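Reader: Can we go through this model together? I would like to start with terms and then move to contacts.

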Amino acid sequence: MSIKYESAPIGKQGLCAIWTQIFPGKPKYTEKDYPKLDGKVVIVTGANAGVGYEVTKSLLGSTNAKVYMFTRNKQKTIDAIKKLEIEVASEYNKKNLKVDYITIDFSDLTTIKPAADEFLSKESRLDIIIHNAGVMAPPIGSVSKQGFELQLGTNVLGPHLLQKYLDPLLIKTSHTNKPGETRIVWVASSGQYFSPIGGVHYEDPNFTNTPNVSKMQIYGQSKALNVLQAKGWNSAHPDGSNVISVSLCPGALKTELQRHSTPSEAFMSKFILHEARLGAYTELFAALSPDIRSGDHVECFGKKTRARKDLEDPKAISKGWDFVEENLKPYL
């Protein structure tokens with residue numbers, strides 16, 4: 001039996017969000033404003049390329065944090081670290097980087113606990129985690145190792161499971177920090193505007209029986225869920241009141257996310273996409289700015305805004321959070 005899919009109306013708010021991605025203005029919160037983060041530990045997922053690489057470089061160059069790169073490809077990450085050493089020395093005049101990496105594949109839930117365990121065996125604190133890794137608009141029908149729609153598995157379930165394993169240490173660390181210094185950053189997207197009302201196609205979340213659906217609508221569901229995760233984390237963790245959980249849209253950027261683009265999409269992208277480094281300013285504004293409060297949503301390249309109105313509804317947040325939790329039960 002086929003199931004009909006209906007996106008929520010994009011509306012004025014969605015059109016404004018798309019306009020902002022094309023004409024975002026210049027970042028105002030940059031390296032000169034970042035705290036030094038002495039003794040702090042930061043995780044950046046998807047850190048060996050694109051925005052994640054730029055976030056990692058900026059942190060290593062302009063702060064004293066120890067940065068863990070959580071990535072899928074070990075050799076690519078080793079090569080990225082060598083490149084970081086050269087570029088940080090050149091751009092920031094800094095050597096002896098405090099960086100390490102851990103292998104993880106967010107499309108395979110069996111890799112999540114070993115990665116978390118490895119981190120927990122090495123560190124006694126976790127101050128900030130930036131859930132940057134993700135996939136966008138793969139061929140329709142693509143699935144994760146466990147059979148979930150690939151973007152649902154990679155962008156939502158994998159990061160959520162990692163966060164669950166790291167929550168105890170993150171919350172413990174937050175009690176030693178000032179309020180708001182400890183943060184969870186969920187990288188969402190303006191793709192949220194292509195998701196259905198409430199964010200999730202609950203009748204068929206893996207899109208196995210839903211015809212005539214676009215790649216952007218499927219991607220939009222995963223990004224709406226990232227918003228719901230960010231807004232639902234504090235309610236689910238009353239002992240984490242010192243932790244800020246924030247979502248964002250990094251901007252329209254030139255990254256490997258576009259590898260599944262059609263030739264016409266790739267052509268149009270030349271005129272509207274911005275350099276990946278600018279997206280790092282969005283993510284680090286969310287991760288470091290003293291202006292951020294838990295539940296906020298951030299847009300490019302470092303401005304507070306609002307998520308889509310229905311995604312801020314407490315009922316939608318609770319339902320989305322429970323949906324993710326239920327799907328992860330077999331893998332805990």
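Author: Buried means under 20% relative accessible area, exposed means over 50%, and partly exposed is in between, with a 1.4 Å probe and protein chains only. This is a predicted model, in which local features need pLDDT of at least 70 and side-chain atom pairs count only at pLDDT 80 or more, while totals for chains, interfaces and linings use all residues. Residues are numbered from 1 along each chain as its sequence is written, and side-chain values use heavy atoms, with hydrogens and water left out.

Reader: Is Lys-231 buried or exposed?

Author: Lys-231 has 14% relative accessibility, so it counts as buried.

Reader: Which residue forms a salt bridge with Lys-231?

Author: Glu-312, with the closest N and O atoms 3.7 Å apart. A salt bridge here is a side-chain nitrogen of Lys or Arg within 4 Å of a carboxyl oxygen of Asp or Glu. The two residues lie 81 residues apart, Glu-312 in the loop between strand S8 (303–305) and H9, and Lys-231 in helix H6. Helices (H or I, at least four residues) and strands (E, at least two) are DSSP runs, numbered from the N terminus. Glu-312 is partly exposed, at 21% relative accessible area.

Reader: How many salt bridges by that rule?

Author: The count comes to 21 salt bridges. One of them pairs Arg-277 with Glu-91, where the closest N and O atoms are 2.7 Å apart. That pair joins distant parts of the chain, 186 residues apart: Arg-277 is in helix H8 (residues 276–288) and Glu-91 in helix H3 (residues 74–92).

Reader: And how accessible are Arg-277 and Glu-91?

Author: Arg-277 is at 28% relative accessibility and counts as partly exposed. Glu-91, at 38%, counts as partly exposed.

Reader: What about Glu-326?

Author: Glu-326 forms a salt bridge with Lys-329, the closest N and O atoms being 3.1 Å apart. Glu-326 is partly exposed at 48% relative accessibility, whereas Lys-329 is exposed at 53%. Elsewhere, salt bridges with shared partners join Glu-31, Glu-54, Lys-57, Lys-83, Glu-87, Glu-91 and Arg-277 into one network.

Reader: Switching to helices. How do H5 and H6 cross?

Author: The axes of H5 (residues 150–174) and H6 (residues 215–236) come within 9 Å and cross at roughly 15 degrees. Axes are lines fitted to C-alpha atoms, for helices over the stretch in contact, and angles run from 0 to 180 degrees between N-to-C directions. H5 and H6 are therefore roughly parallel to each other; angles under 35 degrees count as roughly parallel, over 145 as roughly antiparallel, 65 to 115 as roughly perpendicular and the rest as oblique.

Reader: Which helix is roughly perpendicular to H5?

Author: H9. The axes of H5 and H9 (residues 314–328) come within 10 Å and cross at roughly 80 degrees. The residues of that contact divide into eight nonpolar, two polar and two charged. Ala, Val, Leu, Ile, Met, Phe, Trp, Tyr, Cys and Pro count as nonpolar, Asp, Glu, Lys and Arg as charged, and the others, Gly among them, as polar.

Reader: Last one. Where is Ser-195?

Author: Ser-195 sits in the loop between strand S5 (182–187) and H6. Ser-195 is buried, with a relative accessible area of 0%. Leaving aside residues up to four places away in sequence, Ser-195 touches Tyr-5, Ser-7, Ala-8, Gly-220, Gln-221, Ala-224 and Arg-308, where contact means heavy atoms within 4.5 Å.
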